[in-house]
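The following report goes through selected features of one protein model, from a pocket to the strands and cores and then to some backbone details. Please keep the sequence and the structure in view while reading.

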Amino acid sequence: MRKPMIFAALSLALAVTPFAAQSQTAATAPSFRPEAVKAHVEFLADDLLEGRNAGTRGYEIAARYVATRFEALGLKPGGADGSWYQQVPLAEFRIDLDKPATVKIGARTFEYGTDMLVGAAPRAGVETVSGGTVFVGYGLRDDYAGLDVKGKFVVALTGMPKGFTPEQRAAAQADDKLVLAKEKGAVGLISLVTPDAVVDGYPWAAVMDFTASPRATWIGPDGMPAGQEGQVALQFYVKGEAAAALFAGSPKTADQIYAELKQPGARPGGFALAATPSLTRTSISKSFTSPNVLGVLPGSDPALAKEYVVLSAHLDHDGRNDGLPGDDKVYNGAMDNAAGIATMLEVARAFAEGGKRPRRSILFVALTAEEDGLLGSDYLAHYPTVGAGRMVADVNLDMPVLLYDFTDVVAFGAEHSTLGPIVARATGSVGVKLAPDPMPEENLFVRSDHYSFVQKGVPSVFLMTGFANGGEAAFRGFLAHTYHTPADQADQPGFNWAAGAKFALINYRIAREIADAEQAPRWYEGNMYGDRYAPGQPRAKKAPDAP
């Protein structure tokens, strides 16, 4: 899973015997064996693969492993060129710290790190951008009312207003600030950091580390970086004296804005600033490719075979870091996300060997560069390989925490579309409860690969093992001590392979019902994601008792 997851219990016998999915006959019922899940995870999380970082030899070995499994199951290559791969053109870039970035505001110049931070551009070279400025409060949609920001920098407070409910936060986050600034005609976003020097929960030093670290993007066929068509290309942060200089000569000072924020429910209004800042930065960039791996099980119904149900899981992890203390330098990524890939491969096997082909086609995809910002899924969503067909749903498999016999699951996205009742039936069929999101403040619905498909109007769902039956302690302990560390290995204490088999069974049943249903999944009427990303699609009414 990308940094800023998780079904009543079955009988004890199920912990040591295969899980069998319902089918027409016992002879064709697919089963899910804990040993099979374990075998996939042990290979993918082996030190030999050196953490499967996108663009490395270890990732290529993992991709070849998935492709050979697809071929052995009799799937069809899912790449647009007839291969198992969709090569994703990527660029890794970083700020040149030997030529520190600067921003000139009035008569003063501030260097990178001194009350100003900026990340790199996706292309190498020196870049200078200047323009007028307009303060837009928190930079939310209604904050722009009455303000002309065309051709200017917008200056926005970081984060969200205090007191926002989870629903208000989710609605606001549906409008990415960089996208909204571009929509309004701005040339860049200047993020105003309050005196506590915290940016969306992270201290200034952590943001400095982030902006100095290498980042990645995909490059489109036109040579442009991902997202450049939809958001402003430049964002930088200011605080302290740089913020004071930015507001000098304007209707309010930065200190007056900070004072307003101490009032309950404060939403400072916008106004034009007097400053015309000029920012200069130097970036270093390198280009490479890394493949998504795609296999297709063609649908059996001629009327529905061009509709594709996507089962996605990211294959990459964080590679190795020779600067780590101790002997272990490899981020093996067993739970994150060898476990998700193992689930997908076992669901693919169940479909291929089950004796009853689904009506719709199934696209199984192992995605690259999730850890770099959902890049593989975003590229596939922009450039789908299904030809004249269309993707009608995504079931995403990312970091199931398989450290206990889970008795409930959380299904992020279930409440937004008719996928919700499908998930509820699948979980209920094996005695697992569907639980509400225990961490709404994390807004996990937008933080894994399924969200790339949501942004293209595809109803999507992402399951994590739940907090019941010891799940909360296991989940929070994993996040605190193992997540994104070398300790995430296949031999970590407590790995519950039977839970992995059960998780695969549930996801198989979800995908099977979607694939065989008369109607493809639909967004609910009035749903904010459907309204924003799928305005022309048919809608469904949400039943009062729907998840």
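Helix α3 supplies five residues to the lining of the second largest pocket, and this is the largest share of that lining. The model is a predicted one, and the space in the second largest pocket comes to about 560 Å³. Its lining is made up of 23 residues, of which Phe412, Glu415, His416, Asp437 and Pro440 are the closest to the centre. At least two lining residues come from each of α3 (166–173), β21 (408–412), β22 and α14 (528–533). By residue class, the lining of the second largest pocket divides into 14 nonpolar, four polar and five charged residues.

Strand β22, which contributes to this lining, spans residues 433–435 and contains leucine 434. Is leucine 434 buried, partly exposed or exposed? With a relative accessible area of 28%, leucine 434 is partly exposed, because the value falls between the 20% under which a residue is buried and the 50% over which a residue is exposed. Setting aside residues up to four places away in sequence, leucine 434 touches Val409, Ala411, Gly420, Val423, Ala424, Thr427 and Pro547. The C-alpha atom of leucine 434 is separated by 6.0 Å from that of valine 410, although the two residues are 24 residues apart along the chain.

Two elements of the model are largely enclosed by the rest of the structure. One is strand β18 (residues 307–314), of which eight of the eight residues are buried, so that the strand is largely enclosed. Both faces of β18 are covered, with Glu307, Val309, Leu311 and Ala313 buried on one side and Tyr308, Val310, Ser312 and His314 buried on the other. Strand β18 runs parallel to β20, to which it is joined by six bridges, and serine 312 has asparagine 396 of β20 as its bridge partner. With β19, β18 pairs in the parallel sense over seven bridges, and in this pairing valine 310 stands opposite leucine 363.

The other enclosed element is helix α9 (residues 375–382), where seven of the eight residues are buried, so the helix too is largely enclosed by the rest of the structure. The buried residues are Leu375, Gly376, Ser377, Asp378, Tyr379, Leu380 and Ala381. Among the elements that cover them are the strands β4 (85–95), β14 (215–218), β17 (278–297), β19 (361–367) and β20 (390–396), together with the helix α11 (450–454).

Elsewhere, six strands form an open sheet with mixed pairing, in the order β7-β15-β11-β10-β9-β16. At its edges are β7 (116–118) and β16 (271–272), each of which pairs on one side only. Strand β9 (residues 133–135) runs antiparallel to β16 and is joined to it by two bridges, with valine 134 of β9 having alanine 272 of β16 as its bridge partner.

The largest nonpolar core of the model has 93 residues, and those with the most contacts inside it are Val66, Leu315, Met344 and Phe364. Apart from this core lies another, of 42 residues, including Ile105, Tyr112, Ala120 and Phe153. Valine 66 is in contact with Val293, Leu315, Ile341, Met344, Leu345 and Ala366, if its neighbours within four places in sequence are left aside.

Some details of the backbone also deserve a careful look. Most residues other than glycine have a negative phi, and most peptide bonds are trans. Arginine 52, although not a glycine, has a positive phi of about 55°, and methionine 399, likewise not a glycine, has a positive phi of about 50°. The table sets out these two residues.

| Residue | Phi | Location | Relative accessible area |
|---|---|---|---|
| Arginine 52 | about 55° | loop between α1 (34–44) and α2 (57–72) | 0% |
| Methionine 399 | about 50° | loop between β20 and β21 | 0% |

Arginine 52 is buried, because its relative accessible area of 0% is under the cut-off of 20%. Methionine 399 is also buried, with a relative accessible area of 0%. Which residues does a cis peptide bond join? The bond is found between aspartate 336 and asparagine 337, where omega is about 10°, and asparagine 337 lies in helix α8 (residues 334–353).

Methods. Residues numbered from 1 in each chain as written. Predicted model: local features only at pLDDT ≥ 70, side-chain atom pairs only at ≥ 80, totals over all residues. Heavy atoms only, no water. Helix = DSSP H or I, 4+ residues; strand = E, 2+ residues; numbered from the N terminus. Buried < 20%, exposed > 50% of the residue type's maximum accessible area, 1.4 Å probe, protein only. Contact = heavy atoms within 4.5 Å. Core = buried A, V, L, I, M, F, W, Y, C linked by side-chain atoms within 4.5 Å. 1 Å grid on protein atoms, 1.4 Å probe; cavity = no way out; pocket = protein on both sides within 12 Å on 5 of 7 lines; lining within 4 Å. Points joined across faces, edges and corners; volume = space filled by probe spheres on them. Nonpolar A, V, L, I, M, F, W, Y, C, P; charged D, E, K, R; others polar. Pairing = 2+ DSSP bridges.
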